[in-house]
Amino acid sequence: MLGQQIRLARMARGMTADELAGTAGISRMTLHSIERGSATTSIGTVFNIATIVGVPLFGVDDPSELIALRRRGEERLALLPARVDRSRRDNSDGLDF
């Protein structure tokens with residue numbers, strides 16, 4: 001769906017695939033992969049392309065709202081343990097060696 005939104009935004013701006021790929025510093029084939037929804041492209045590249053053509057990320061149009069969302073997420077993560085370990089079952093068979 002994000003790939004479709006990127007393609008629609010690119011076309012609405014009158015940009016060719018070559019122009020957008022050149023602006024983003026990626027190949028035209030990579031852009032076509034993004035627009036087709038391929039899962040092989042890095043998420044950072046997809047987000048960069050979305051930003052260039054004006055596709056809002058995370059349902060937020062205003063960059064200051066996105067910054068506020070990130071801060072709230074960081075605050076929530078700070079309340080959680082740094083790592084999560086799987087609980088270990090006691091495999092003790094009663095023998096002590």
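Two residues are in contact when heavy atoms lie within 4.5 Å of each other. The structure described here is a predicted model.

**Helix α4 and its cover**

Helix α4 spans residues 43–53, and its buried residues are V46, I49, A50 and V53. These residues lie on the same side of α4, because they cover an arc of only 100 degrees around the axis. An α-helix has 3.6 residues a turn, so residues three or four places apart point the same way. What covers the buried residues of α4? The cover includes α1 (2–12), α2 (17–24) and α3 (28–36).

**The end of α4 and residue A9**

After α4 comes G54, which has a positive phi, near 85 degrees. The C-alpha atom of G54 is separated by 7.0 Å from that of A9, although the two residues are 45 residues apart along the chain. A9 is in helix α1. Leaving out residues up to four places away in sequence, A9 touches V53 and V55.

**A surface patch**

F58, L66 and L69 make a nonpolar surface patch of about 280 Å². L69 belongs to helix α5, which covers residues 63–78.

Is A9 buried or exposed? A9 counts as buried because its relative accessible area is 16%, and the cut-off for buried is under 20%. L69 has a relative accessible area of 35%, so L69 is partly exposed. The table sets out the values for both residues.

| Residue | Relative accessible area | State |
|---|---|---|
| A9 | 16% | A9 is buried |
| L69 | 35% | L69 is partly exposed |

Technical notes:
Residues numbered from 1 in each chain as written. Predicted model: local features only at pLDDT ≥ 70, side-chain atom pairs only at ≥ 80, totals over all residues. Heavy atoms only, no water. Patch = residues over 30% accessible without salt bridge, like charges linked within 9 Å, V, L, I, M, F, W, Y side chains within 5 Å. Areas by Shrake-Rupley, 256 points an atom, 1.4 Å probe, with all protein chains shown as cover. Salt bridge = Lys/Arg side-chain N within 4 Å of Asp/Glu carboxyl O. Helix = DSSP H or I, 4+ residues; strand = E, 2+ residues; numbered from the N terminus. Buried < 20%, exposed > 50% of the residue type's maximum accessible area, 1.4 Å probe, protein only. Arc of directions from axis to C-beta.
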